[in-house]
Amino acid sequence: MAVLVDITKCIGCEGCTVACKRYNNLNFKAKPRNVKDDGNVELDDNRWTVIQEFHGEKNDKLRFVKKQCLHCKEPACASACFSKAIQKDEKTGAVVYYPDLCVGCRYCLVACPYSIPKYQWNEQFPQVSKCQMCSERVSKGDAPACVSACTTGALMSGDRDELLKKAHEIINSDSRYINHVYGEHEVGGAEWLYISDVPFEELGFKDVSNVPVTSYTKSYLSKVPGLAACWALFLSGIAFYNYRVDKNRNQIHDPHDNDDQDKEG
Amino acid sequence: MSNKMSRRKFLKVVAGSGVLGFGVMASGCKGKPSGGDGWVSSQYEGKGDFPVNLKGRVAISATNPSIERDDEKCILCGQCVDACKNVMGVYGNYPLPLKQEIACVGCGQCVMQCPSGAITEKSHVRKVLDALDDDTKHVVVQTAPATKVSLGEEFGMPQGTSVGKKMAGALKAAGFDSVFDTCFAADLTIMEEASEFVHRLTKKKDEIPHLTSCCPGWVKYCEYFYPELMHNLSTCKSPQNMLGATIKSFYADKMGINPSNIVNVSIMPCTAKKFEVGREELEVDGQQDMDYVLTTRELAVLLKHKGIDLNTVAEAEYDSVLGESTGAGRIFGATGGVTEAAVRTAYYLATGSNPPADLLDWKPIRGMQSVKEAVASIPGVGAVNIAVCHGLENARQLLEGIKATGSSKWQFIEFMACPGGCIGGGGQPKSMDAVEAKKKRIEAIYKEDTGAAKRCSHDNAEIQSIYKDFFGKPLSEKAEKYLHTTFVNRHDRLFD
């Protein structure tokens, strides 16, 4: 399951953000935690998706950009999580957070190339919060809540390959579009795809490399379990050796040694 | 201290829970993912592609001067989209991607349709209360004709109760320094607009059809979607702003008050008025005509805040000089009212005598039909074809027809943004049976007209005196300065 966002069709009604808050039972009253210099509100623990407003250089291109987790194909957050609290759901493609497994280390906040995961700083037992792509709805075959609430057709959900095909068809049929599907290759590709008629850099999109973040560490982190096992085996060997040396020495000098220890004690 | 934990025992527990946790994780147990424990409206259940008639909501910019929305109350029912698209012809009638702004004419019909009360007017109540408490300010208030037949509903009175005098009394009790009547300004508007229409009919035929301009929702709609018709709009300001400009000039002079110390408040059935008061074109001598607009609903809030009950408050007359009104001024609040009032005075201006009885009870242009047509025979001018249109989607269809044929068969067209005219405005009390409420309010308005001693704007003694003392005559240089305006082409904010 993937979503294609056609930025040119968004009118900024923010119905998607309301649908998200309703479906995920988020707090409407919570004040925005992160407001950028340009006045746009950033994601926080009660805003799993936000709409950001951009005006263009000559104030003639009013564009609204929906921001939420992009659900990477190779999620850095999931690879950073040592307790497997963030997992990529193979069936739906959603990168899902399981609070019961979370230890609260917040490595995922640091790992994400888009700074998407946020933390419930006000809670006594805080959790990480981020878009779940309505994994329960999606696994039933429904569209995410935000997509089904979109009136103008700016959000479309469906199979990733088909949406990619559609995105390129739209770009090819209309010369106003930038020839770039954001999310097709970014850090290895994502389930959320964006097309736009304004360069993505002007709309607050981060210019990231096409190399999956996980690939930087995979080559050596994948050897960690083996190394750990070898190291444990090595230490066990030394421990056993020392134990044997001790035991043998005790058998030879048993009475004196005991006397020495008594004296020292 | 039998449960005292040794260091060894503590380390065992920590290591044990670690191993247990690792076991749980490794075995694939993961519990419930976060989120998904709320609800969404039923039309969003399922795959999201079920063809429902209504979904989503309209976009409301944070800088919108007329309306705002509380997301917590929004249930995404889609009623606002219905109002904006099917009643007002705004939503969906501009191209995407957007250009400079989110199109909104400020009519407030989405407010009326919103079942959960999420969309409301942008409140000016606090600012008006502050002005009332400020002793250095002279706070003047005016009340629109349509509010006089609807305010009672907010206090439990039956629909269609005329409460003009009670409202004047309540406003005086609330501490306003002067209470004037927008119906007076409606008469003033008719003097200017009827003169302008007769002038256009006889001398400036390229400005025919004459389009009314007292509805700020319609004016902004015209500026957005039909800029080529802007020169057909009457240059008259709306009654609200005519009175505002008169108060800050004529009245301020007369009373010896510095205009900058006057705070002009109006009670309007309308949310678009909140946009209108901020228009730069309406400024005279660097001053805004009007300062704050309260909708009928906001006035109810203000009166209740002050502990004033409309049921028990003493009646009062509107203050003199700008308080007398005729039947013609009072029917401004209903669709067709402006036309009827204008024709009465145009007849007088053309012939020198008051119109016959059938023009004083002009049935063809009354009622809720979307487009009403009539012919007025005015001796000396001839037959004047008139159309009356309310609801901007109806206006759009009518204007598209004119655009397609290239000419208009009507010489005078009245446009009101809201269905039913101002009595159905976006600032009016909400009710469960809106259709019935509109009918009753219209009946009440025409009852006030037939009950009036004077039925024509030009018979208004205070109007006659203000022309004598201040403006000279309709369309004079002074009248042009204070009572007329220009329009702004907003087409390129939406279209390429």
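Biologist: In this predicted model, is Val187(A) buried or exposed?

Modeller: Val187(A) belongs to the loop between α6 and β9 of chain A, and its phi is near 35°, a positive value in a residue other than glycine. A residue counts as buried once 20 or more other C-beta atoms lie within 10 Å of its own. Val187(A) has 24 other C-beta atoms within 10 Å, so the residue is buried.

Biologist: Where does Met133(A) lie, and what is its phi?

Modeller: Met133(A) lies in the loop between β7 (128-129) and α4 (135-139) of chain A. With 30 other C-beta atoms within 10 Å, Met133(A) is buried. Although Met133(A) is not a glycine, its phi is positive, at about 55°.

Biologist: Which strands stand at the edges of the open sheet in chain A, each with a single partner strand?

Modeller: The open sheet of chain A is formed by 3 strands in the order β8-β1-β9, with mixed pairing. A strand at the edge has a single partner, so one side of it is left without a neighbour in the sheet, and in chain A this holds for β8 (155-158) and β9 (192-195).

Biologist: Which helix packs on that sheet of chain A, and what angle does its direction make with that of β9(A)?

Modeller: Neighbouring strands of the sheet are turned by 20° against each other on average, direction ignored. Helix α6 (residues 160-173) of chain A packs on the sheet, where it touches β1, β8 and β9 of chain A, and its direction makes with that of β9(A) an angle of about 5°.

Biologist: Which residue of β8(A) is the bridge partner of Leu4(A)?

Modeller: Strand β1 (residues 2-6) of chain A and β8(A) run antiparallel and are joined by 4 bridges. Within β8(A), the bridge partner of Leu4(A) is Met156(A).

Biologist: How many residues of strand β10 of chain B are buried?

Modeller: From β10(B), Phe412(B), Glu414(B) and Met416(B) point one way, whereas Ile413(B) and Phe415(B) point the other way, and all are buried. Strand β10 (residues 412-416) of chain B is therefore largely enclosed by the rest of the structure, the count of buried residues being 5 of the 5.

Biologist: Which residues of β10(B) are the bridge partners of Leu211(B) and His390(B)?

Modeller: Strand β5 (residues 210-211) of chain B runs parallel to β10(B) and is joined to it by 2 bridges, while strand β9 (residues 382-390) of chain B, also parallel to β10(B), is joined to it by 5 bridges. In β10(B), the partner of Leu211(B) is Ile413(B), and that of His390(B) is Met416(B).

Biologist: How many nonpolar, polar and charged residues has the contact of α4(B) with α11(B)?

Modeller: The crossing of α4(B) and α11(B) is right-handed. Val125(B), Val128(B) and Leu129(B) of α4(B) make the contact together with Glu298(B), Val301(B) and Leu302(B) of α11(B). By class, this contact has 5 nonpolar, no polar and 1 charged residues.

Biologist: Beyond its neighbours within four places in sequence, which residues are in contact with Leu299(B)?

Modeller: Leu299(B) has its place in helix α11 of chain B, and with 26 other C-beta atoms within 10 Å the residue is buried. Leaving aside neighbours within four places in sequence, the contacts of Leu299(B) are Leu151(B), Ile267(B) and Leu294(B).

Biologist: Which prolines of chain B follow a cis peptide bond?

Modeller: One cis peptide bond joins Leu96(B) to a proline, with omega about 0°, and that proline is found in the loop between α2 (79-87) and α3 (109-113) of chain B. Another joins Ile208(B) to a proline, with omega about 5°, in the loop between α7 (182-202) and β5 of chain B. The prolines are Pro97(B) and Pro209(B).

Technical notes: Residues are numbered from 1 along each chain as its sequence is written. Chains are lettered from A and ligands numbered from 1 in the order in which they are written. This is a predicted model: local features need pLDDT of at least 70, side-chain atom pairs count only at pLDDT 80 or more; totals for chains, interfaces and linings use all residues. A crossing is left-handed if the near helix is turned anticlockwise from the far one by less than a right angle, and right-handed if clockwise. Two residues are in contact if their C-beta atoms, placed from the backbone, lie within 7 Å. Ala, Val, Leu, Ile, Met, Phe, Trp, Tyr, Cys and Pro count as nonpolar, Asp, Glu, Lys and Arg as charged, and the others, Gly among them, as polar. Two strands pair if DSSP finds at least two bridges between them. Axes are lines fitted to C-alpha atoms, for helices over the stretch in contact, and angles run from 0 to 180 degrees between N-to-C directions. A residue is buried if 20 or more other C-beta atoms lie within 10 Å of its own, exposed if 12 or fewer, and partly exposed in between; C-beta atoms are placed from the backbone.
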